Amino acid sequence: MTAARTDVEQVELANTAFYEALERGDFDELSDLWLDTDAAPEPADLDGRDDEDVAEDGDEPAISCVHPGWPVLTGRGEVLRSYALIMANTEYIQFFLTDVHVGVAGDTALVTCTENILSGGPPPEAGGELGPLVGQLVVATNVFRRTVDGWKLWSHHASPVLAETDDEEGEDSPS
């Protein structure tokens with residue numbers, strides 16, 4: 001029996017593909033996962049969409065991305081350049097996703113998750129295979145749009161999670 005995958009399953013696969021492409025440093029695949037409003041027409045069932053779904057200039061809304069500590073990046077060129085820069089300066093990166101939640105409403109899907117990131121930079125000047133590994137905890141929201149080519153990433157927003165120290169925990173607790 002071959003049942004069609006549900007929208008939630010398809011979005012989960014698209015979300016996983018995004019992180020796997022980033023881990024492999026596969027810029028072409030990563031680019032293909034992002035929404036390209038100039039390349040593919042919307043599915044036929046979107047023809048009756050409301051005016052609020054279209055930008056003021058009549059174009060589809062641009063893709064956007066916020067990396068931790070970065071300003072908002074808008075537009076396909078700006079977003080993809082940021083990933084090219086990250087890939088060029090990151091020797092190793094691995095994502096362990098937790099707390100993944102997927103919601104689908106019509107032709108839009110929202111994924112929230114925690115990115116447990118392990119990364120390493122170029123080797124130090126003295127040599128070696130990889131710079132020191134660093135762990136980081138980030139929460140992310142990924143918004144996907146349904147297209148004729150499947151679910152495509154429309155927006156990615158990631159924010160660092162600030163870790164509390166033992167001293168900070170004691171200050172807020174009642175005496």
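## Helix α1 and its packing

The buried residues of α1 pack against α2, α3, β3, β4, β5 and β6. Here buried means under 20% relative accessible area, exposed means over 50%, and partly exposed lies in between, with a 1.4 Å probe and protein chains only as cover. A contact is a pair of heavy atoms within 4.5 Å. Helices (H or I, at least four residues) and strands (E, at least two) are DSSP runs, numbered from the N terminus.

Before going further, please keep in mind that this is a predicted model, where local features need pLDDT of at least 70, side-chain atom pairs count only at pLDDT 80 or more, and totals for chains, interfaces and linings use all residues. Residues are numbered from 1 along each chain as its sequence is written, and side-chain values use heavy atoms, with hydrogens and water left out.

Which residues of α1 are buried? They are Val11, Ala14, Asn15, Ala17, Phe18, Tyr19, Ala21 and Leu22. An α-helix has 3.6 residues a turn, so residues three or four places apart point the same way. After α1 comes Gly25, with a positive phi near 70 degrees.

## The chain as a whole

The chain has 4 helices and 6 strands, and along the sequence they follow the pattern α-α-β-β-α-β-β-β-β-α. Of its 175 residues, 31% are buried. Among contacts between residues at least 6 apart in sequence, 54% join residues at least 24 apart.

The accessible surface of the chain comes to about 10,800 Å², and carbon and sulfur atoms account for 51% of this area. Accessible areas come from the Shrake-Rupley method with a 1.4 Å probe; for residues, only the protein chains shown count as cover.

## The nonpolar core

A nonpolar core is a set of buried Ala, Val, Leu, Ile, Met, Phe, Trp, Tyr and Cys residues joined through side-chain atoms within 4.5 Å. The largest one has 32 residues, and those with the most contacts inside it are Phe18, Leu30, Trp34, Val79, Tyr83 and Phe144. At least two residues of this core come from each of α1 (7-24), α2 (27-33), α3 (76-88), β3 (92-105), β4 (108-120), β5 and β6 (150-160). The biggest share is that of α1, which gives 7 residues.

Leaving out residues up to four places away in sequence, Phe144 touches Val11, Ala14, Asn15, Asp107, Thr108, Ala109, Val111, Trp151, Lys152, Leu153 and Trp154.

## Salt bridges

A salt bridge is a side-chain nitrogen of Lys or Arg within 4 Å of a carboxyl oxygen of Asp or Glu, and by this rule the count comes to 4. In one of them, Asp7 pairs with Arg146, the closest N and O atoms being 3.0 Å apart. This pair links helix α1 to strand β5 across 139 residues. Asp7 counts as partly exposed, because its relative accessibility is 29%.

Arg146 also meets Asp107, at 2.4 Å from N to O. With 13% relative accessibility, Asp107 counts as buried. Through shared partners, Asp7, Asp107 and Arg146 form one salt-bridge network. Another salt bridge joins Asp36 and Arg76, whose closest N and O atoms are 3.7 Å apart; Asp36 lies in the loop between α2 and β1 (64-66), and Arg76 in helix α3. Asp36 is partly exposed at 26% relative accessibility, and Arg76 is partly exposed with a relative accessible area of 26%.

## Leu35 in its loop

Leu35 is placed in the loop between α2 and β1. Is Leu35 buried or exposed? Leu35 counts as buried because its relative accessible area is 3%. Setting aside neighbours within four places in sequence, Leu35 is in contact with Ile63, Arg76, Arg145, Thr147, Lys152, Leu153 and Trp154. The C-alpha atoms of Leu35 and Thr147 are separated by 8.2 Å, although the two residues are 112 apart along the chain.

## A nonpolar surface patch

On the surface, Leu137, Val139 and Val161 form a nonpolar patch with about 200 Å² of accessible area together. Patches are made of residues with over 30% relative accessible area and no salt bridge, where like charges are joined within 9 Å and nonpolar side chains (Val, Leu, Ile, Met, Phe, Trp, Tyr) within 5 Å. Val139 lies in strand β5 (residues 133-147), and at 37% relative accessibility Val139 counts as partly exposed.
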